[in-house]
Amino acid sequence: MKFIDEAKIEVAAGRGGNGAVSFRREKYVPRGGPDGGDGGRGGSVFALASENVNTLVEYRFVKRYQAQNGEKGHGSDRYGAGADDIELQMPVGTLIRDADTGEIVADLTQHGQRVCLARGGKGGLGNIHFKSSVNRAPKQATPGEPGEARRLLLELKVLADVGLLGMPNAGKSTLIRAVSAARPKVADYPFTTLHPNLGVVRVDESQSFVMADIPGLIEGAAEGAGLGHRFLKHLSRTGLLLHVVDLAPFDEAVSPAAEALAIINELKKYDDELFGKPRWLVLNKLDMLTPEEAAECKAEFLEAVGWDYPAPGEPGFDRQTPRLFEISALAHQGTQELVRQIGQYLAEKKQLAAAEAAQQADTAPQISETNDYSVLQPE
């Protein structure tokens, strides 16, 4: 199925039913008084995050969603029935904005999350609410309130732990095929990947993570060049970026260092927050070079880009330090060590987050469960 990550829709909630004007008329009951019931509530429109939905393709074909109006009130104190709500299932990771104001309406980040997009109008009041000692036969009722209506922009940002970054034909799709069950298209020409691919990478029996492969970037992507700029937003939710570099390009005139610096420059121009994310360097396609050529190319590359990647155990290395990996995704060389390091990093990150949350909970003010309020009394 084609990957659809953007859509524009209109949602309209139902109008509330009108209140009724009615009077009780029964034999032997003179002056029975008012008995008009209230109108029913109009139906609302909700968004429901679901892991069973992967794209926004449905919202490319159906553009408007209208909930039903509430039923009007009836005599004999009978209230009108409320209309059913509408639930729109959307993929987890969907960001919903108001098309007119740009305001973020909802950010669906968890399965089962339910958010109201347009609230139904309240039903009108029947004349039973207007009786009084001086107005025993009121002939007034209120109409139902209109439901909310708005135009919405839907934008899907895939939720992944690790995102692959690099030029076209750097070997990103081959890497995700090597470490997961995902099977994106692989070919010997640029822009083989036309939409993001997700793969679940198994570290061991108890740990796994999600890896995202997006179309390759080229210079000028931040201004709209190429295909990858449309999918850069998907990397904004990832916790770790892997910058995949083709160390053995087919065209000898192509400089891996120049391409790597161009990618980093595009990241910085696109979003400072994305630029500041942890980013590891993965030198790929080493199977196409002899060990001597690989060592020479690696040294030339690091000198040209001016990046310093201390190894674990060396001075200056910590969990936030960028790491360097030398792999061949096609030959599965070095990929298991890469997966192990990523798993360790994500586990440590999760532990730190849990520790920070526990610390914040401990320092939060505690509310006493006793009924002794003497401490609040002035001396």
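Where does K277 lie? In this predicted model, with residues numbered from 1 along each chain as its sequence is written, local features need pLDDT of at least 70, side-chain atom pairs count only at pLDDT 80 or more, and totals for chains, interfaces and linings use all residues. Side-chain values use heavy atoms, with hydrogens and water left out.

K277 turns up in the loop between α4 (272-275) and β13 (279-284); helices (H or I, at least four residues) and strands (E, at least two) are DSSP runs, numbered from the N terminus. With a relative accessible area of 16%, K277 is buried, where buried means under 20% relative accessible area, exposed over 50%, and partly exposed in between (1.4 Å probe, protein chains only). A polar atom of the K277 side chain sits 2.8 Å from the backbone oxygen of T238.

Next come the sheets. Two strands are taken as paired if DSSP finds at least two bridges between them.

Strand β2 (residues 45-50) runs antiparallel to β7, and four bridges join the two. Among the facing residues, V45 has A118 of β7 as its bridge partner, and A47 stands opposite V115 in the β7 strand. With β4, β2 pairs in the parallel sense, over six bridges; here S50 stands opposite P91 of β4.

Strand β1 (residues 6-12) is where E6 is placed. E6 counts as partly exposed, at 34% relative accessibility. Along the sequence E6 and T55 are 49 residues apart, while in space their C-alpha atoms are 8.9 Å apart. In the loop between β1 and β2 there is Y28. Is Y28 buried or exposed? Y28 is exposed, with a relative accessible area of 71%. The side chains of Y28 and K27 are joined by a polar contact of 3.4 Å. Such a contact is a pair of N or O atoms within 3.5 Å; within protein, one must be able to donate a hydrogen and the other to accept it, and residues adjacent in sequence count only if both atoms are side-chain atoms.

On the helical side, α5 (residues 291-305) has 15 residues, which at 1.5 Å a residue should span 21 Å. The expected span is 1.5 Å times one less than the number of residues. The end C-alpha atoms of α5 are 21 Å apart, in agreement with that figure. Which residues of α5 are buried? They include A294, F301, L302 and V305. Seen down the axis of α5, its buried residues fall within an arc of 90°, so they line one face of the helix; the arc is that of the directions from the helix axis to the C-beta atoms. An α-helix has 3.6 residues a turn, so residues three or four places apart point the same way. On the face of α5 turned away from its buried side are the exposed residues E292 and E303.

Helix α2 (residues 172-179) holds S173, which counts as buried at 9% relative accessibility. An unreviewed UniProt entry gives the annotation "binding site" to S173 and T193. UniProt positions are given in the numbering used here, feature names are shortened, and annotations may be inferred rather than shown by experiment.
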